[in-house]
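Here is a short report on one protein chain. Keep the sequence and the 3D view open as you read.

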Amino acid sequence: MSETWCTLLQYVLCGPLVAMAAREWRDGRAGGWWLHLLLLFVLRSLTYQLWYSFANMLFLNRTRRVIKDGVEFKQIDSEWDWDNFLILQALLGSVVLCRAPSFEELPLLQLKGCVIALVLHVGVSEPLFYMAHRCFHRGYLFTHYHSIHHSSPVPQPITGTYTKHPLLSSHVHLMNRLLIAGPAGFGTLLENLVLSAAMAAPLLGPFATGHGSACLAYGYVLVFDFLRCMGYSNVEVLPSRLFEALPALRYLLYSPTYLSLHHKEKNCNFCLFMPLFDFLGKTANNKSWDLQKEISSGKKDRAPDFVFLAHIIDVFSSMHVPFVFRSLSSMPFINHIFLLVFWPIAFLFMLFLWAFSKTFLLSFYTLRGRLYQTWIVPRYGFQYFLPFAREGINDQIELAILRADKLGVKVLSLAALNKNESLNGGGTLFISKHPDLRVRVVHGNTLTAAIILNEIPMDVKEVFLTGATSKLGRAIALYLCRKNIRVLMLTLSTERFVKIQKEVPADYQHHLVQVTKYQAAQNCKTWIVGKWLSLREQRWAPPGTHFHQFVVPPVIGFRRDCTYGNLAAMRLPKDVQGLGSCEVRCTTASSSCRMKQAVVLTVVFFSSQYTMERGIVHACHAGGIVHCLEGWTHHEVGAIDVDRIDVVWNAALKHGLQPV
């Protein structure tokens, strides 16, 4: 059975619960258990989602992360169905509570019941979990069960893995896939049932003795989930001062550092929440609290070697970042219609960023011992075309460059509109203003040009070039004419054309031809597009034409008898580590896009891929990586040096980057 069908079946299991809850709501019986089980399911899911978001806000907590490694795609895939354990426990709860008194009959709060629950938690749940956990770290149980969980190298609030083992039958595999444990930290049905028993005991006791209450039902479950999420967050949120002021607390409450040590070393710190049982069982790691103090102090973090300075594309792209929805940021998904529900929240977030935020860290990965980070300028694509916003945007970029210089960053690559010619001259503004910068500022357009040029077949003798006088258009035209390829340059400005033509040696100038209409290319099958094309303009291309593109947004493939290339991008080397998110496609409309195209662009927006494939980055990103790996000491800003196109291309291939 495919993974997709298993994923769908897990939600089918919730059908009876949803149906019964809807029936209670329809009948006006808001006090029924079914409705409250469903509400509790939603609240628990929200708890895990909020903790996940917090744990992955690197701009808030990167210095307090316990395990510094990044979460890779492999771990994300293995934890994909993290919420299955919530479904299982909701179904188990519905079986247990089907004969229980109505929820309406429960008091809001009964302190005696809370005391009983606390006693049962300390006296039953904690020792039961501790002993079971130690058993699962031995021999057969660890090899065939618990090792699945420990295969996730970086703890996350939604960490819960399952991997099919060859010794397990397909039926057992399917059952485990449907009833997989989640963030509780266990990866199989057996382990999840043990944890469910430990979680249920403090609830069953008070309700069985008639001392249950509504607050206990909600409070214990949500506090249980809260503490589990905290432990698996991989972020030390508890200050060391708290444990120094209250030494006894070290026996009563674990910390994320405490649990991460167990996850890493596997032979210590087995408790549920209370380290007391590790001390009694002599399994407490002696380094736990010293390490907790060190990490909670927020010591200086490692400085990156490379920074990719990007910006937010639009409101929808802000929901594709790693700390919002991992399922969106880690897959080359399209814009799902359900995101419209969250659009108002994302819009308010945009206003907040515009008013208060500074450049922040979004993600990171490592490559050959170097740390690569993506920083985000808190501005959206449309803001780059607001005249009154340009000065503020340049200030943000300048501050980011100065901060990188202070940290000792070697290379900073400008992405998309951050290197807009009309904004800052492709980065020249900052270099002229700060001539003593140690960080090398790179626009990456040299590699962009190289990718486009190396897509063109060797036997091509003529090309049609739009956006011909732009930075990229100029470089492409100059390079091709040196290869004795005739370039039809579409431009209405004779002055710009002549200026470019004069850069070419006299023997090659005749290869550059100015044209002013699309009709001039009706016999040319190689179009290099640097300006958006409407359907009417594309009709001038002959059948069999291939459209190479460096236009943002990319043109829509109206012609079925033609082929369309992608925007310039490269696949990262295979030895990249810690990469767990896809790069958002640069789809911000340029100022040259005409208003009559807006409706078409909007329609395509909801039907096209919104993030790139895994491991693929934009050419400007890849260009900065090459600059860093090569150790080049020059800035790459302003006009493209045509003589370096082949140099950069060969360097990229040498370091294992591959064109897409």
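The report starts with the whole chain and then turns to single places in it.

## The whole chain

This is a predicted model. The protein chain holds 28 helices and 14 strands. It has 660 residues, and 54% of them count as buried.

The chain exposes about 29500 Å². Carbon and sulfur atoms supply 63% of that area. Now take the contacts between residues at least 6 apart in sequence. Of these, 72% join residues at least 24 apart.

## Two stretches from the record

UniProt, in an unreviewed entry, lists residues 31-55 and 337-356 under "transmembrane region". Look at the stretch 337-356 in the model. Its residues are 90% helix and 0% strand. The C-alpha atoms at its ends are 29 Å apart.

## Where two helices pack

Find helix H22, residues 445-455, and helix H27, residues 619-630. They pack at an angle of about 115°. Their axes are 7 Å apart. The crossing of H22 and H27 is right-handed.

Which residues make the contact? From H22 come Leu447, Thr448 and Ile451. From H27 come Ala619, Cys620, Ala622, Gly623 and Val626. Sorted by class, the contact has 6 nonpolar residues and 2 polar ones. No charged residues take part.

Serine 213 sits in the loop between helix H10 (189-208) and helix H11 (214-232). Is serine 213 buried or exposed? Its relative accessible area is 0%, so it counts as buried. Leaving out residues up to four places away in sequence, serine 213 touches Leu106, Pro107, Leu108, Leu109, Gln110 and Phe207.

Phenylalanine 207 belongs to helix H10. With a relative accessible area of 27%, phenylalanine 207 is partly exposed. Not counting residues up to four places away in sequence, it touches Trp33, Leu106, Gly212, Ser213, Leu216 and Ala217. Phenylalanine 207 and glycine 113 are 94 residues apart along the chain. Their C-alpha atoms are separated by 7.8 Å.

## Aspartate 643

Why does aspartate 643 count as exposed? Because its relative accessible area is 55%, and the cut-off for exposed is over 50%.

Now compare sequence with space. Aspartate 643 and alanine 475 are 168 residues apart along the chain. In the model, their C-alpha atoms are separated by 9.6 Å.

## Two residues with positive phi

Most residues other than glycine have a negative phi. Arginine 368 is not a glycine, yet it has a positive phi of about 55°. Arginine 368 is in the loop between strand E2 (360-367) and strand E3 (370-380). At 39% relative accessibility, arginine 368 is partly exposed.

Alanine 416 also has a positive phi, near 45°. It is found in the loop between strand E4 (411-414) and helix H20 (421-424). How does alanine 416 count by relative accessibility? Its value is 23%, so alanine 416 is partly exposed.

Key. Residues are numbered from 1 along each chain as its sequence is written. This is a predicted model: local features need pLDDT of at least 70, side-chain atom pairs count only at pLDDT 80 or more; totals for chains, interfaces and linings use all residues. Side-chain values use heavy atoms; hydrogens and water are left out. Axes are lines fitted to C-alpha atoms, for helices over the stretch in contact, and angles run from 0 to 180 degrees between N-to-C directions. Helices (H or I, at least four residues) and strands (E, at least two) are DSSP runs, numbered from the N terminus. A crossing is left-handed if the near helix is turned anticlockwise from the far one by less than a right angle, and right-handed if clockwise. Contact means heavy atoms within 4.5 Å. Ala, Val, Leu, Ile, Met, Phe, Trp, Tyr, Cys and Pro count as nonpolar, Asp, Glu, Lys and Arg as charged, and the others, Gly among them, as polar. UniProt positions are given in the numbering used here, feature names are shortened, and annotations may be inferred rather than shown by experiment. Buried means under 20% relative accessible area, exposed over 50%, partly exposed in between (1.4 Å probe, protein chains only). Accessible areas come from the Shrake-Rupley method with a 1.4 Å probe; for residues, only the protein chains shown count as cover.
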